[in-house]
Amino acid sequence: MTDIAWIDLALASARPKALGALLRYFRNLDTAEEAFQEACLRAIRTWPEKGPPRDPTAWLIFVGRNSGIDAVRKRAKIQALPDEDVISDTEDAESDIVERLDDSHYRDDILRLLFICCHPDLPATQQIALALRIVSGLSVPQIARAFLVSESAMEQRITRAKARVAKAGLPFETPSPEERAERLSIVSTMIYLIFNEGYSQADPRHEAAAFSDEAIRLARLMLHIFPSEPELMGLLALMLLQISRRPARFNAGDEIVLLEDQDRSLWNQPYINEALALLDKALRHRKPAPYQIQAAIAAVHSRAKRAEDTDWVEIDLLYRALERLQPSPVITLNRAVVVSKLQGPQDALDLIDPLGEKLGGYFYYHGLRGGLLKQLGLTGQAREAFDRAIALAHSAAEAAHIRRQIDKLQEEAAQPVAR
């Protein structure tokens, strides 16, 4: 007998490669999904009695392909497949599938599967939902709970996204090195979107909190099939360094704890060690890119035993390098925090004030601006900035953090002036 928990794990692990291969074969996402689901159902029925196949992925591809063909034939009113016993007896066929898998471009199958979730016409929320449904295999109810919408609304969202992808068409030819690099970049961005959707959650019991772990799993998968890509190493290192701080990011009341105030003994040291090793390996390639530099910034924080030990000069140099490589008002905003540490709040405020037009709808811009104005003693302007930040907060924890800053302003204003 085969343990059902092992079967669930095997099916989840095989999903990206098997579904990617079926997508290449049928060139239709719905057909590939249906074929994979049918293969999973047959696995659940047959593996407990007959035992698992030597290569579960190859078995799922073989059975899924035949199931898909059967479905197409039924729709065309053509003959059905042989009996279950014949289909399940894949001893010789399975070996053949394994050989073809080893020789085929299955890496591009998985990359294509992720790539279709990143269609530029899809909003970020639809990209995340589509990837979680197709690649990760999460159910619609799970995804709906994470996004705090009804199951029917999420079903419609995913259906619309799949229809838009199908209408746009997808090239199935083997991509050139340039096209592959472009796809890797786009897929990396989508994986980081999934990570941040989960990382922002204060409550670890919230459905979306698990998205960060799923993003790390997808990054590990990508790095496994593209082991020499330094930017994938940088992405995984960045997420591991950020997630290592998860136990210290919120207090018992689910209130945000800023990095400088966190109890660093709570940080996950094994994650930090793995990330630092990955980053060191990536940097040896001497191909600096945004995720590697962001990971290097996070690494400086992780190496500091206390907040006051942080090497802000090194962080400033890294942010300047990141600005040159990927100019962005958000990166400049982040560098302003460093400038405030090195040069004071006025220089930091001078740096971010020109960003107001581009970042007027960004929570962190107004939160940082309010903090800098507060340090300069400009209470009225600080209050206005904090009020704007609360209006733009994405979570109750963010809003509560800003309210605490306002409370401090009011407490300071109420204190008698020394004469």
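In the predicted model, helix H17 and helix H18 cross in a left-handed manner. Their axes approach within 9 Å, and the crossing angle is roughly 145°. Helix H18 spans residues 363–375, and helix H17 covers residues 345–352. On the H17 side, the contact involves Pro-345, Ala-348, Leu-349 and Ile-352. These residues meet Tyr-365, Leu-368, Arg-369, Leu-372, Leu-373 and Gln-375 of H18. Sorted by class, the contact between H17 and H18 comprises eight nonpolar residues, one polar residue and one charged residue.

Helix H17 also packs against helix H16, which is formed by residues 329–343. The angle between H16 and H17 is about 160°, and their axes lie 7 Å apart. Because of this angle, H16 is roughly antiparallel to H17, the threshold for that description being an angle over 145 degrees. The crossing of H16 with H17 is right-handed. From H16, the residues Thr-332, Leu-333, Arg-335, Ala-336, Val-339, Ser-340 and Gln-343 take part in the contact. The partners in H17 are Pro-345, Asp-347, Ala-348, Leu-351 and Ile-352. The contact of H16 with H17 contains seven nonpolar, three polar and two charged residues.

The C-alpha atom of Leu-378 is separated by 10.0 Å from that of Leu-409, a residue 31 positions away along the chain.

A further helix pair is formed by helix H7 (residues 124–134) and helix H8 (residues 140–147). Their axes are 10 Å apart, and the packing angle is about 150°. With this angle, H7 is roughly antiparallel to H8. The crossing of H7 with H8 is right-handed. Residues Thr-125, Ile-128, Ala-129, Leu-132 and Arg-133 of H7 meet Val-140, Ile-143 and Phe-147 of H8. Six nonpolar residues, one polar residue and one charged residue make up the contact of H7 with H8.

The loop between helix H12 (230–243) and helix H13 (269–283) contains Ser-244. The relative accessible area of Ser-244 is 1%, so this residue is buried, a class that requires a value under 20%. A polar atom of the Ser-244 side chain lies 2.6 Å from the backbone oxygen of Leu-241. When neighbours within four places in sequence are set aside, the contacts of Ser-244 are with Leu-266, Trp-267, Asn-268, Tyr-271 and Ile-272.

Asp-254 is likewise placed in the loop between H12 and H13. Although Asp-254 is not a glycine, its phi is positive, at about 60°. The relative accessible area of Asp-254 is 34%, and this residue is therefore partly exposed. A positive phi, near 55°, is also found for Arg-27, another residue other than glycine. Arg-27 belongs to the loop between helix H1 (4–26) and H2. With a relative accessible area of 51%, Arg-27 is exposed, since the cut-off for that class is a value over 50%.

The loop between helix H2 (29–50) and helix H3 (56–75) holds Pro-52. At a relative accessibility of 41%, Pro-52 is counted as partly exposed. Pro-52 and Asp-3 are separated by 49 residues in sequence, and the distance between their C-alpha atoms is 9.9 Å.

For the protein as a whole, the secondary structure consists of 20 helices and zero strands. Of the 419 residues in the protein, 48% are buried. Among contacts with a separation of 6 or more, 63% are between residues 24 or more positions apart.

Definitions and conventions. Residues are numbered from 1 along each chain as its sequence is written. This is a predicted model: local features need pLDDT of at least 70, side-chain atom pairs count only at pLDDT 80 or more; totals for chains, interfaces and linings use all residues. Side-chain values use heavy atoms; hydrogens and water are left out. Axes are lines fitted to C-alpha atoms, for helices over the stretch in contact, and angles run from 0 to 180 degrees between N-to-C directions. Helices (H or I, at least four residues) and strands (E, at least two) are DSSP runs, numbered from the N terminus. Angles under 35 degrees count as roughly parallel, over 145 as roughly antiparallel, 65 to 115 as roughly perpendicular and the rest as oblique. A crossing is left-handed if the near helix is turned anticlockwise from the far one by less than a right angle, and right-handed if clockwise. Contact means heavy atoms within 4.5 Å. Ala, Val, Leu, Ile, Met, Phe, Trp, Tyr, Cys and Pro count as nonpolar, Asp, Glu, Lys and Arg as charged, and the others, Gly among them, as polar. Buried means under 20% relative accessible area, exposed over 50%, partly exposed in between (1.4 Å probe, protein chains only). A polar contact is a pair of N or O atoms within 3.5 Å; within protein, one must be able to donate a hydrogen and the other to accept it, and residues adjacent in sequence count only if both atoms are side-chain atoms.
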